[in-house]
Amino acid sequence: MFQKKSIFFIGLMFLLILNGLGEATELSLPGSPTCATIADFNGDLKSDLAIGTDGAILIYSGNGGGSFSGPTIIAFSGLPNVIKAADVNGDGGVDLIVSDKKMGRIKILLNKDGEFESIHIENDSRAANDIVLYDFNADGYLDMALAENNQISILYGLGSYNPKENTWFIAGENCSIPTGTLSAIGKADFNKDGLADIVVAAGNMLYVLTQETAGFTITAQAQAGWHPVALAIADFNHDWVLDVVVANKSNSIGLFYGTAAEGGYSFEHPVYYSVGYSPSSLDIADFNSDNYLDIAVGCEGSNAVYFLLSTGLGNFTPSDKTISTDSRPIKVLATDFDNNGKMDLLTINQNTVKIFKDQEISAQLDFKLCEVDIKIRKNGEGDPLDGPLTITTNVNDKIEVFGSLNPNDCHGYTADFYLLLNTITPDLSGEEAEAETNTYSITTSGITQGEAPFATDLNITNIPEVPLWSFSTQDLAREIGCGYYSIIGKLVIKGATGLTYYVSDAAEFGITGRIISDPPIVNVNVNTDAGRVKAYATVEANSAASLIAFAYLWIDCSRTDTFTLEVDNETQTVTKTSIFKEWYTPTGWHTYGKYYYYDEENGEIAEAEEGTEPEYIPPFTVWSVADLTDYPLFDFPSSYFPSGYACEVHAGFIIKNWDGMDYSVFDYDSFYNY
């Protein structure tokens, strides 16, 4: 029931000694750039670069490792303001789609054997402020959505050139946007219906248009910052729902967390982060090699790139480190130039291109916080452990708390140290029992409610495991009650500039009471008729009637696949089991999945994860035990669960008597989702 948690709450990354990142590879441009994109144009598996300037498109061939040859200069009778790369004609080559602001048209540069020989004008098109490319109608041909001044225009790809109409695309629908000029556009399946939707920034608003049978319809909107200029899409808080990050000219980044309910999509209230002056673009990637997506923001008014570093908890901390660029960076692009699995960064500036390698970026952004380790032991038995432990309220029972500290890169800093008790105990004061959560502090004078430091101005240095505190579980039960306990060691670190950083670790234990002689019975039943999965619970309370229980509900699904591989001219079979887990808490349903599939490109079995695997299943409510007959637990469509999985529905509770948690009773029923 209990387990160790390691939680890092980061207010801001530590200040580093150096003022700038390392030297960057630099290209001098023959003209002022207006737009840029990265792709492999010549098929050599190396990133190439296309840059639009007034009257020309510049093609730089990548040599690998972040260096380039060229440029090849393609005359362009107009002013390119947006450039995108994709295969328009289906020949396997990466073509260029360019918006010409001066001529007011979309132009296509077809790639033949790595060279762009001709420029085609889409006569029925209009210049766009941004473009997103995708096969929106799922016919196998590339389409494009154009963010124009007051509408989104969808152009559907024909897959081949129509000489009669002189076009590669035909006009589709136009979606009017009510506020201001459209400035940035993206696509994703926001409502998880299998169709690509669109998100667009317009004026000072952000809109999501979901795709339906009749076309695209605005279904979600939110107030953005002043003059949004760029956006990106990802699941930043790991809840399986897509979020949107927006760069605003008002020197800020807005993070819009998405929420999904009943097949719909909406935005929560945004979180804003301050960055440099006049942001021009952004890109997302893991820049500090911690396996979480970060945000890089090009600020043309500050001539720098600012970083928002993920804490791993769904939010970000602004890094005090910036990349100094040349004058007016108009575009930042993240890519892996040397194919080492780590992202490099490229900035398009007023007269130059600068390339920053991943080693330079991550070495400067990566600052390792200190680590505190909390362990517990009961009754002096054995070595201190991470937990979980269960202990009774006998007169001689006690819990001992130990701690150690590894300073890492924080050596010499000072911190206040808190030793906290987070408790979940039943509140029996009302007509119905409720779970009561409280925080207590262990101080040198005893236990007090709220947060108070155990020690102040602690010098951060290497501290081996030492005893911190011990207490009688009987006294603790009398003062606070029986239930769940998390004992947390938290360091509040004082940075050199007055900024505050948090590091903590926890161990957990439970205090229990007497045994129930006539325990209750739980039966779980699952019904899968009419394309739905319904679960019910029946409870016989017996002598446990009216006692207090912590209730639990979760679903475990799995599927075992056998893969056939050719290894060294020998056929091998490998068996892997994919899992899907869902559990219910006071905040709703949560999901986690780990899937295995055959990666044809690399000829190996690949693994993918969605969500965060729970270390334990928490209770979803506190309940007074009573008889129940076919009590509904949930009612989901069968399509909600992955197909081909065998699933088990688990439900039950742990009894809480006046003397503590006394008895656990659970049951499950299974079903197969075809």
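Colleague: Where does His 227 sit?

Modeller: This is a predicted model, to begin with. His 227 is in the loop between β18 (215-223) and β19 (228-234). Its phi is positive, about 55°, although His 227 is not a glycine.

Colleague: Why is His 227 called partly exposed?

Modeller: The relative accessible area of His 227 is 36%. Buried would need a value under 20%, and exposed a value over 50%. The 36% of His 227 lies in between, so the label is partly exposed.

Colleague: Which other residue has a positive phi although it is not a glycine?

Modeller: Lys 192, with a phi of about 60°. Lys 192 lies in the loop between β15 (182-188) and β16 (197-202).

Colleague: Ser 183 is in strand β15. Why is Ser 183 called buried?

Modeller: Ser 183 has a relative accessibility of 17%. The cut-off for buried is under 20%, so Ser 183 counts as buried.

Colleague: What makes the pair of Ser 183 and Pro 228 a polar contact?

Modeller: A polar atom of the Ser 183 side chain lies 2.6 Å from the backbone oxygen of Pro 228. The limit is 3.5 Å, so the distance passes.

Colleague: Which residues does Ser 183 touch, leaving aside neighbours within four places in sequence?

Modeller: Ser 183 is in contact with Asn 129, Asp 130, Ala 201, Pro 228 and Val 229.

Colleague: Now Ser 441, in strand β36 (residues 434-443). Why is Ser 441 called buried?

Modeller: Its relative accessible area is 0%. That is under 20%, so Ser 441 is buried.

Colleague: What does the side chain of Ser 441 meet?

Modeller: A polar atom of that side chain lies 2.5 Å from the backbone oxygen of Gly 450. Beyond four places in sequence, the contacts of Ser 441 include Leu 419, Leu 420, Ile 447 and Gly 450.

Colleague: Let us turn to the domains. Which stretches are domain 2 and domain 3?

Modeller: Domain 2 covers 182-274, and domain 3 covers 292-367. Their centres are 23 Å apart, taken over C-alpha atoms. Ten residues from domain 2 and eleven residues from domain 3 make the contact.

Colleague: How do you give the size of an interface?

Modeller: It is often given as the accessible area lost when the parts come together. Between domain 2 and domain 3, about 870 Å² is buried. Carbon and sulfur atoms give 71% of that area.

Colleague: What makes Lys 249 and Glu 300 a salt bridge?

Modeller: Their side chains meet at 2.6 Å, N to O. The cut-off is within 4 Å, between a side-chain nitrogen of Lys or Arg and a carboxyl oxygen of Asp or Glu. The pair meets the rule, so it is a salt bridge. Across the interface of domain 2 and domain 3, the rule finds one salt bridge.

Colleague: How many residue pairs are in polar contact between domain 2 and domain 3?

Modeller: Two. On the side of domain 2 that touches domain 3, seven residues are nonpolar, two are polar and one is charged.

Colleague: Last, where are the cis peptide bonds you listed, and what are their omega values?

Modeller: One runs from Gly 70 to Pro 71, with omega near 20°. Pro 71 is in strand β6 (residues 67-75). Another runs from Gly 387 to Pro 388, with omega near 5°. Pro 388 lies in the loop between β32 (371-378) and β33 (389-391).

Key: Residues numbered from 1 in each chain as written. Predicted model: local features only at pLDDT ≥ 70, side-chain atom pairs only at ≥ 80, totals over all residues. Heavy atoms only, no water. Domains from an automatic or database assignment. Contact = heavy atoms within 4.5 Å. Buried area = accessible area lost by both parts, 1.4 Å probe. Polar contact = N/O pair within 3.5 Å; in protein donor to acceptor, adjacent residues only side chain to side chain. Nonpolar A, V, L, I, M, F, W, Y, C, P; charged D, E, K, R; others polar. Helix = DSSP H or I, 4+ residues; strand = E, 2+ residues; numbered from the N terminus. Buried < 20%, exposed > 50% of the residue type's maximum accessible area, 1.4 Å probe, protein only.
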